[in-house]
Amino acid sequence: VKKYRRCSLFAITGIANLHNLDISHSSPQELPLETTNKLLSAHSINFAKNDNLGRISNMWLDYAAKDGAASQNFMALASLASIAVDFPKSGVPACILNELKIPHGTPRPHWREVDK
C-alpha cells in the first residue's frame, strides 16, 4: 500500500519581495455563444495538455524545502501557480521553464517520499 501525505500550497513567509509578486493575468477567453462538439473536444484536449497546477505545486514545495522561500525559483513557481489556478477560465497555460524543472533522481524532502 502506497502512503501519500497531503500537502497544501500554503506558506507563511516574512519576505518583503513576496508582495512584489506579479499576478496580473490576461482576460478570459472570448468564446462563441453556441457550444459545439468540436469546441468542447478542443477545450478538453487543451485542458488535459496544459493543466499543470499539481506539478507546479509539487515543484513549489520541493524548492521551498531545498532553497527556502526567498529563492528566485520559489517566487517564479508561486507566480506560475497563480497563472495555473486561472487557466480553466482564462485559457492561458502556465508553462514550466526548463530551468525550473528538477532533474529526475534528485532527492526530495523526506515528507514527499513515497513508500515503495
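This is a predicted model: local features need pLDDT of at least 70, side-chain atom pairs count only at pLDDT 80 or more; totals for chains, interfaces and linings use all residues.
**Overview**

Show the whole chain as a cartoon. You will find three helices and zero strands. From the N terminus on, the order of elements is α-α-α. Now colour by burial. Of the 116 residues, 23% count as buried. Switch to contacts. Among those in the chain with a separation of 6 or more, 75% join residues 24 or more positions apart.

**Helix α2**

Select residues 53-67, which form α2. The helix has 15 residues, and its end C-alpha atoms are 20 Å apart. That agrees with the 21 Å it should span at 1.5 Å a residue.

Next, show the buried side chains of α2: I56, S57, M59, W60, L61, D62 and Y63. Their packing partner is α3.

Stop at L61, in helix α2. L61 has a relative accessible area of 11%, under the 20% limit, so it counts as buried. Draw a C-alpha to C-alpha distance from L61 to R112. The two are 8.8 Å apart in space and 51 residues apart in sequence.

**The loop between α2 and α3**

Move on to S71, which lies in the loop between α2 and α3. S71 is buried, at a relative accessible area of 12%. Show its side chain, then the backbone of F74. The S71 side chain reaches the backbone nitrogen of F74 at 3.1 Å.

**Helix α3**

Select residues 72-90, helix α3. It has 19 residues and reaches 25 Å from its first C-alpha to its last. That is close to the 27 Å expected at 1.5 Å a residue.

Where does α3 bend? Centre on A84: the helix bends there by about 25°. A proline, P88, follows within four residues.

Show the buried residues of α3. They are F74, M75, L77, A78, S79, L80, A81, A84, D86, F87 and S90. These pack against both α1 and α2. Then step past the end of the helix. G91 follows α3, and its phi is positive, near 80°.

**The largest nonpolar core**

Which residues have the most contacts inside the largest nonpolar core? Select I56, W60, L77, L80 and L100. The core has 16 residues. The elements that give it two or more residues are α2 and α3. Of these, α3 gives the most, with seven residues.

Zoom in on L100, found in the segment after α3. L100 counts as buried, at 4% relative accessibility. Leaving out residues up to four places away in sequence, L100 touches M59, Y63, N73, A76, L77 and L80. Now draw the C-alpha to C-alpha distance from L100 to W60. They are 9.6 Å apart in space and 40 residues apart in sequence.

A search of the whole structure finds two aromatic pairs.

F47 lies in helix α1 (residues 37-50) and F87 in helix α3, so the pair ties together parts that are 40 residues apart in sequence. Colour the two residues by accessibility. F47 counts as partly exposed, at 29%. F87 counts as buried, at 3%.

**Last stop: N50**

Stay with α1 and select N50, which is placed in that helix. Is N50 buried or exposed? N50 counts as buried, at 18% relative accessibility. Show the side chain of N46 as well. The side chains of N50 and N46 make a polar contact at 2.6 Å.

Finally, display what surrounds N50 beyond its neighbours within four places in sequence. N50 is in contact with F87 and P93.

Definitions and conventions:
Residues are numbered from 1 along each chain as its sequence is written. Side-chain values use heavy atoms; hydrogens and water are left out. Rings of Phe, Tyr and Trp (its six-membered ring) pair if their centres lie within 6.5 Å; planes under 30 degrees apart count as stacked, over 60 as edge-to-face and the rest as tilted. Buried means under 20% relative accessible area, exposed over 50%, partly exposed in between (1.4 Å probe, protein chains only). The expected span of a helix is 1.5 Å times one less than its number of residues. The bend at a residue is the angle between axes fitted to the seven residues ending there and the seven starting there. Contact means heavy atoms within 4.5 Å. A polar contact is a pair of N or O atoms within 3.5 Å; within protein, one must be able to donate a hydrogen and the other to accept it, and residues adjacent in sequence count only if both atoms are side-chain atoms. A nonpolar core is a set of buried Ala, Val, Leu, Ile, Met, Phe, Trp, Tyr and Cys residues joined through side-chain atoms within 4.5 Å.
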